[in-house]
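Dear colleague,

Please find the structure below, together with its sequence. My notes on what was found in it follow.

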Amino acid sequence: GIWNVQSFIGIWLLAMAGMLLLSMQITSSLQIAFIQKRMMNVLALFVGGAVPFAFLNTLIRKRQALILHQLPELLDLLCVSVQAGLSFEGAMSKIIGRMKGPLIDEFERMQHDTRMGMTRRHAMQSLAKRCDVQEVYLFVTAVIQAERLGTSMGKTLVNQADNMRERRRQNAKAEALKAPVKII
């Protein structure tokens with residue numbers, strides 16, 4: 001994305017410095033003991049340091065939710081393409097050309113990695129680690145296992161799509177059961 005490590009560290013340091021300066025400004029006008037002022041300044045420093053990480057975690061969760069939302073559609077398209085006779089790579093290329101989103105970006109990076117000489121197994125494992133979504137791990141494991149055992153990629157993808165739909169149904173039921181408690 002748009003953020004890199006250096007810019008995040010810069011924002012993190014600025015947030016800490018800003019909160020510290022704000023705290024020093026506020027505590028200088030308060031009639032409290034010196035040690036209390038310093039403790040408030042230290043607390044403000046920690047709060048300033050935590051805010052960027054909380055924001056980053058929110059962005060990560062949103063991205064993971066988008067990936068999870070996009071995975072069933074990608075699986076269905078892969079199933080249809082592979083069953084129609086395309087190779088796994090060919091099917092991925094077609095899908096990458098027609099869809100957008102964080103999961104597609106990750107598959108595009110995976111394809112680039114394999115073109116650059118990385119084994120598909122390693123590239124897919126890297127994709128799963130970058131996404132850090134359980135369903136993507138399950139999909140990657142199934143595809144790697146199908147390749148290793150020489151089983152039908154089409155059948156594997158159909159099974160994965162069916163499993164994904166079932167997991168989604170179960171998650172929807174679980175959320176529906178939690179709704180009355182959240183309303184109360």
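The largest nonpolar core has 33 residues; a nonpolar core is a set of buried Ala, Val, Leu, Ile, Met, Phe, Trp, Tyr and Cys residues joined through side-chain atoms within 4.5 Å. Here, buried means under 20% relative accessible area, exposed means over 50%, and partly exposed lies in between (1.4 Å probe, protein chains only). The residues with the most contacts inside this core are Leu74, Leu78, Phe88, Phe107, Val136, Phe139 and Leu157. Two or more core residues come from each of H2, helix H3 (88-98), H4, helix H5 (120-131), H6 and helix H7 (153-183), and H2 gives the largest share, seven residues. Leu78 touches Phe88, Ala91, Met92, Ile95, Phe139 and Leu157, leaving aside residues up to four places away in sequence; contact means heavy atoms within 4.5 Å.

Please note that this is a predicted model, in which local features need pLDDT of at least 70 and side-chain atom pairs count only at pLDDT 80 or more, while totals for chains, interfaces and linings use all residues. Residues are numbered from 1 along each chain as its sequence is written, and side-chain values use heavy atoms, with hydrogens and water left out.

As to the overall fold, the protein has seven helices and zero strands. Both are DSSP runs numbered from the N terminus (helices: H or I, at least four residues; strands: E, at least two). The radius of gyration is 24 Å, well over the 16 Å that the globule rule gives for 184 residues, so the protein is more spread out than a compact globule. That radius is taken over C-alpha atoms, and the rule is 2.2 Å times the number of residues to the power 0.38. The C-alpha trace spans about 75 × 50 × 30 Å along its principal axes. Of the 184 residues, 30% count as buried.

The 50 residues of H2 (residues 34-83) should span 74 Å at 1.5 Å a residue, and the end C-alpha atoms are 74 Å apart, which agrees; the expected span is 1.5 Å times one less than the number of residues. H2 bends by about 30° at Leu71, and Pro72 follows within four residues. The bend is the angle between axes fitted to the seven residues ending at a residue and the seven starting there. After H2 comes Gly85, with a positive phi near 115°. In H1, the buried residues are Phe8, Met16, Ser23 and Thr27, and what covers the buried residues of H1 includes H2.

A search of the whole structure finds three aromatic pairs. Rings of Phe, Tyr and Trp (its six-membered ring) pair if their centres lie within 6.5 Å; planes under 30 degrees apart count as stacked, over 60 as edge-to-face and the rest as tilted. One of the pairs, Phe8 and Phe53, is edge-to-face, at 5.0 Å centre to centre with 75° between the planes. This pair links distant parts of the chain, Phe8 in helix H1 (residues 5-28) and Phe53 in helix H2, 45 residues apart. Phe8 counts as buried because its relative accessibility is 12%, whereas Phe53, at 39%, counts as partly exposed. Phe107 and Phe139 also form an edge-to-face pair, with 6.0 Å centre to centre and 65° between the planes. Phe107 lies in helix H4 (residues 102-115) and Phe139 in helix H6 (residues 134-149), so this pair ties together parts that are 32 residues apart in sequence. Phe107 is buried, with a relative accessible area of 0%, and Phe139 is buried, with a relative accessible area of 0%. Finally, Phe8, Trp12 and Phe53 form one aromatic cluster.

With kind regards
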